[in-house]
Amino acid sequence: MADDRSAGRITLAQVATQAGVSLSTVSKVLNGRPDVSAPTRVKVEELLDEHGYRRSAPTPPEAPLLEIVFHELDSIWSMQLIRGVQNIAQRNGMSVVLTETGTRHSPGADWVEGVLRRRPLGVVLVFSTLPDELKKKLWSRAIPFVIVDPAGDPEPDVPSVGSANWAGGLAATRHLIDLGHRRIAVITGPEDMLCSLARLDGFRSALGMAGLTPDPALVRYGDFHVASGREHALDLLRAPDRPTAVFAGSDLQALGVLEAARVLGLQVPEDLSVVGYDDIPLAQWSSPALTTVNQPLVRMAEEAAQMLLRLRGDRGTGRPEGPAEEAGPETRIELGTRLVVRDSTRAPKGPTD
């Protein structure tokens, strides 16, 4: 495979000598062949990276692919992101490959071998980060990648698309305060995800701006799924001094809150106001229709897919030339959120209600 190394840089024969392998083995590593042991592949990759060996972008396959990778595919939230990538793929005559692997923090270690064999034109990753070893392997094959809705704080060399989580949490809580609620609970997402903490910070900031002191007993960490929303809401709503409103960090958790209210004989919004987050299609069809924060999931995925194509076209290797903030605004995007008011919120009951 051709390379763009300048005079004085290491040759493939020198890489083979230093790695203690044959030149054909180095060629297999370069071309993503599977018949190379993992330790040998890692050793060769490290030498290539250490000496700045650059390869030209691979010739596009006959059926160009964009790959989107999740740690789980069992939520409506995932479908919105898939739709966004599919929109861009269709416009550009491409197909989409779906992969489920790893944890919410990063893909599984075995995933990268498969993607090197598939050689997609780019990869959208719905994770908080990507281990250095996986980044190097993707860069070495000129396969660009973008993290969408980063749950952590992506490194400067990781292109990403996210949304304004703090502002969303602030808007949701301000809405409840403006209605007259003072005892407001929050069920955010996992404690080790930045998006969860940012929404919680927005919640706390709104309370502070209104002169209200957050009650630690009303702060819960869920997992963004229905069951955790139901479990935490049952506990909160059974307390003697129950909240009059709940801000759930996802629409799925908000649906769990609605179910908990039903089980306990509480009416929404008469007895309890509920605000969700994401504005998935199901939110407008819940009973009552859910007030929520619109996170533009489809557009986020579209931006990520378009960023992949720009990275391929602009840089060839799929790797930003420097930190994202230096490489240009196209490598780190944060989209706005907005409050959508429906039927699950109202002023709390007064003495005459």
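**Notes on the sheet, its helices and some salt bridges**

1. Let's start with the open sheet: six strands line up in the order β7-β6-β8-β9-β10-β12, with mixed pairing. At the edges sit β7 (219-221) and β12 (338-340), each pairing on one side only. On average, neighbouring strands here are turned by 20 degrees against each other, direction ignored. Two strands count as paired if DSSP finds at least two bridges between them. Strands (E, at least two residues) and helices (H or I, at least four) are DSSP runs, numbered from the N terminus.

2. Before going on, keep in mind that this is a predicted model: local features need pLDDT of at least 70, side-chain atom pairs count only at pLDDT 80 or more, and totals for chains, interfaces and linings use all residues. Residues are numbered from 1 along each chain as its sequence is written, and side-chain values use heavy atoms, leaving out hydrogens and water.

3. β10 and β12 pair in the antiparallel sense over three bridges. Look for Val293, which stands opposite Leu339 in β12.

4. Next, the helices. α7 (residues 165-179) lies across β6 (184-188), β8 (245-248), β9, β10 and β12, and runs at about 165 degrees to β9. α9 (residues 226-237) lies across β6 and β7, at about 155 degrees to β6. Contact here means heavy atoms within 4.5 Å. The angles run from 0 to 180 degrees between N-to-C directions, with axes fitted to C-alpha atoms, for helices over the stretch in contact.

5. How many salt bridges does a search of the whole structure find? Twelve. A salt bridge is a side-chain nitrogen of Lys or Arg within 4 Å of a carboxyl oxygen of Asp or Glu.

6. One of them joins Asp235 to Arg220, with the closest N and O atoms 2.6 Å apart. Asp235 is in helix α9 and Arg220 in strand β7, so the pair ties together parts that are 15 residues apart in sequence. Asp235 is partly exposed at 43% relative accessibility, while Arg220 is buried at 18%. (Buried is under 20% relative accessible area, exposed over 50%, partly exposed in between, using a 1.4 Å probe and protein chains only.)

7. Another pair, Glu303 and Arg299, has its closest N and O atoms 3.7 Å apart. Both residues lie in helix α11 (residues 297-315), four residues apart, about one turn of the helix. Glu303 is buried at 16%, but Arg299 is partly exposed at 44%.
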